[in-house]
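User: Please examine the model shown below and answer a few questions on its local geometry.

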Amino acid sequence: MADLTVAVSESAFQRLFVVLRDSIRWEAQDSTSFGPFTAGYHVKGHLEGGSVDFRSDNSVLIDELDVRWDQFQFTLGLDIPEICVGGGCINMPWPIPDICLPRWCVFSANPDVSISPDLAAFVAQELSVAGRPVVRYYDASVPPPLIDPCGLLRDMLVNASVIDPFPDHNQWHIHLNPDFIDLDLFDFADIVGNLIENALTAAVTALLPGGWVRNLILAIIGGIADFIRWLLDIPDEIDEWLSDLFNISFGLGDLLIQLVGEFFGACVPLLRVDDPLEVLAKEISTSVLLSGAPVELVPVTVPVRNLSVRVDDVEMVVQADVGG
Amino acid sequence: MSSNQKQATLNRALFAQRSFDSSRITVLSTLIHRFEEAGDFEVFISRTNRTPLRLLITVVDGDAPYQHNLDLSSLQNPKERDCCRDGANLRLHVGGVLGFFTSQGVSTFQVRIVRLGSKEKQVFLNHAEQIPAGDFFTVTPLRPGIYRVSDPLNKAEMALKVVMPPLPEEGKVEKGAKTKGERTASTYRPDQPVLVSVGKKGFDRREVSLLSGQTLVFQVQSAARLRVDLEKEDEAVTAPPKKRPDKPARTTKQT
Amino acid sequence: MPFTDHSDLFGAVHEDSINRLVRHIMRQRPSLFNYATPFFHNNLEMFCAKFEVDDKVLKAKNPLFTEQEPLPILGAPLPIGLNFCLQLSEAAIDFHPGNVFGLPPELGSLTAQRFALHLKGCMGMDCPTKEIINELLPHIERFLVSRQQLAAGETKEQVAGTFTHYTPPMAAVDNRDRERQRTIPLPTRQLICFCLELYAVGYFEWGTVPGSQQVWLKPRLDGLEIVDIEPRDMENAIECYLTTVLKLGILPRLIIPLEKMVLDISKEFQKMGLTLGRTVQLEPSAVPADVPNNPAVEDDQIKAFFKLTVTGGA
């Protein structure tokens, strides 16, 4: 029989899950420069739905948790290149060198255009995670591996005060090792492409005067929609381009999966237990000696042995032995 | 949805230009002088009602560029009390050219080039009077219509037709037809100048047609004084779709 | 059967772990369990009960016992006393069923939902030899006469005062406290040691406190026995006194209101930077509505049952 036993019922986890799910909200923003244009996002979101299920194979399933976006503002800024007339060179017969002609540019400076549509209504994601609790022993005397895939994430989380740094003493670590993480990547509807294209067209058109001057400029820049696609290096489908932008360039999709996986997996323990565990802190006592001279009493610690975690279909049980 | 844009002023002078005269440099026109001999030259650039700016040009038969294009509107204005404030000194290779143009505004400029070192000041260029043989004058008309090109010194005349380039059909981009980073073939690029020579026998052709924004280059073979005037404005004149011209092989630095 | 059959959170601690924990504390913080005069610093072998000390205590040069003044010799005109030591040498707990130690017959066997406590204390006291007493006595008498402190009243004879030739060891007198009068222990050659063993049986119950609106968890004493003190009546008297002290003096101070056993999980999350929209609390399961006993003392363990309550918000 174990010295210490703590058990939490599935029902308690489920109720706590609902409260946590309803309480978690997040906000993030970032922007990246891609040369001729900048793209950024400002997102706010929350969670809905989903369930927690303890399974008899020692695993926990968080199923069909919906990621809902209250705001999904996408900002696209264009640095429109010079629109100029004239220019070019005349090939002259030898010995006269080729003569190159000046250009006259339509605008005094390169105009910038930016749009910030809110795409919240067009984005929806779902997360399912299954993992099993795993106990690992952290031996502080063992140097970290040369290639430490967790180091970067841990350092990032430590710097952000999300987790405490790993200590200089041994610890038991309880991880939730993911069996699978199923997270929908960003997938924007077709309508988003039109939305952005129209917004950009309107923004660029607003720069131009009317009449024949506008026609001339459009002739030079080759049509606004075509021009913008060329400028942004967008292939045919803006919605696909946008999905790639968020999933790969911004790395939000991959980052979410990576974070969930590494956070709950090998890198970041859910629970840490010091070994040995301090039961009485070190103390400076002035009552041990008759003289009243202060004495620093060493802390009282007990070793923790055989820490284990298991899950069945009704509860999660953590057990350990102390002393020994 | 929100959008915003940085303020960029439209270069309105470009669209107001209706005529060109080789005796005055305005936007969309360029005077190009060719230096055939080595030596030191003084260039006086006069702006309407202002003290002229003086530049020194050293033409050498050695390591020097073959061309400088001077944007006269960006050259600093000399102070009123100075007679001829020194501007930048330029070096040019023998046979090289100096282009004068103004990129913006409605000011007009006149250029006079004299040679230094000889007892008598030898005026090489005073385009207010005429453009010497061997020089070039360019115009880049934007307004579509029919222009009259004339040279009273050579008693020459020519018609210039400026048409709008074909407008791309918006929203008709074929999916899958576009390769990443490549613009469509229908894009018009105005950097293909047309060369016309003018000599004692007049212009080498009777009529020239340009797309709006294209440049007409006059190669002066006999001293000339050129004028290009819009006679009949026609905004509806539009050219048929044209294949995208190739990108020019080289560009030059504009000073 | 699942641990959380009748609760949301279950916690249990085995008696072996508590007893092991006590032994660790004894080894690493010996000054909590051993009290003695400074004389014992150089005479550890004279402690009545030998005790183990962890290496880190020795490395840190922590005192092995808490220093005490010598036991004063009452009536002596000089501040002299006797070296002594007092030790709690054993402490153990036994949750039902009893199997860690045997209870004395007076307490019977350990019944359901009861726990037993066993403490063993030892005391050692110096007994000065005849030679020392004979050597000191003339000096004491002369001192009393010189100070006119006799029971017979003042004498006409004037006797000059004197000091004993006995000089206490330096360890007994702290130089920094030279000005403070310390009791000077007499030279010690041997101790007279004795040990007493105390057994107590207790249990937990939930109850009310007059005037309070909530229920309280109360530790209760079933019985107490000190082994082998003679005469019998003295043993009874001491046991009765200790029982009364425990029941009326100490245990009433240890009752715990329910509110102190409620863990506000919402606040814990708030400390981590997450504000929950609702109040989430862990509170002890109710007796007997939820579970028959809480805490339950059974299977050699003490077990606690909690329920999770979510209130407020949506």
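User: Which residue is the bridge partner of B:L31 in β8(B)?

Analyst: This is a predicted model, in which local features need pLDDT of at least 70, side-chain atom pairs count only at pLDDT 80 or more, and totals for chains, interfaces and linings use all residues. Residues are numbered from 1 along each chain as its sequence is written, chains are lettered from A in the order in which they are written, and side-chain values use heavy atoms, without hydrogens and water. Strands β3 (residues 29–34) and β8 (residues 97–101) of chain B pair in the antiparallel sense over five bridges; strands are DSSP runs of E with at least two residues, and pairing requires at least two bridges. In β8(B), the partner of B:L31 is B:F100.

User: Which are the edge strands of the open sheet of seven strands in chain B?

Analyst: The strand order is β6-β8-β3-β11-β17-β14-β15, with mixed pairing. Each edge strand pairs on one side only, and these strands are β6 (67–71) and β15 (202–203) of chain B.

User: Is C:K61 buried or exposed?

Analyst: C:K61 lies in the loop between α2 (55–59) and β3 (66–67) of chain C, where helices are DSSP runs of H or I with at least four residues. Its phi is positive, near 55°. Most residues other than glycine have a negative phi. Buried means under 20% relative accessible area, exposed over 50%, and partly exposed in between (1.4 Å probe, protein chains only); at 72%, C:K61 is exposed.

User: What is omega for the peptide bond from C:N294 to C:P295?

Analyst: C:P295 is in the loop between β13 (279–284) and β14 (296–298) of chain C. The bond from C:N294 is cis, with omega near 0°.
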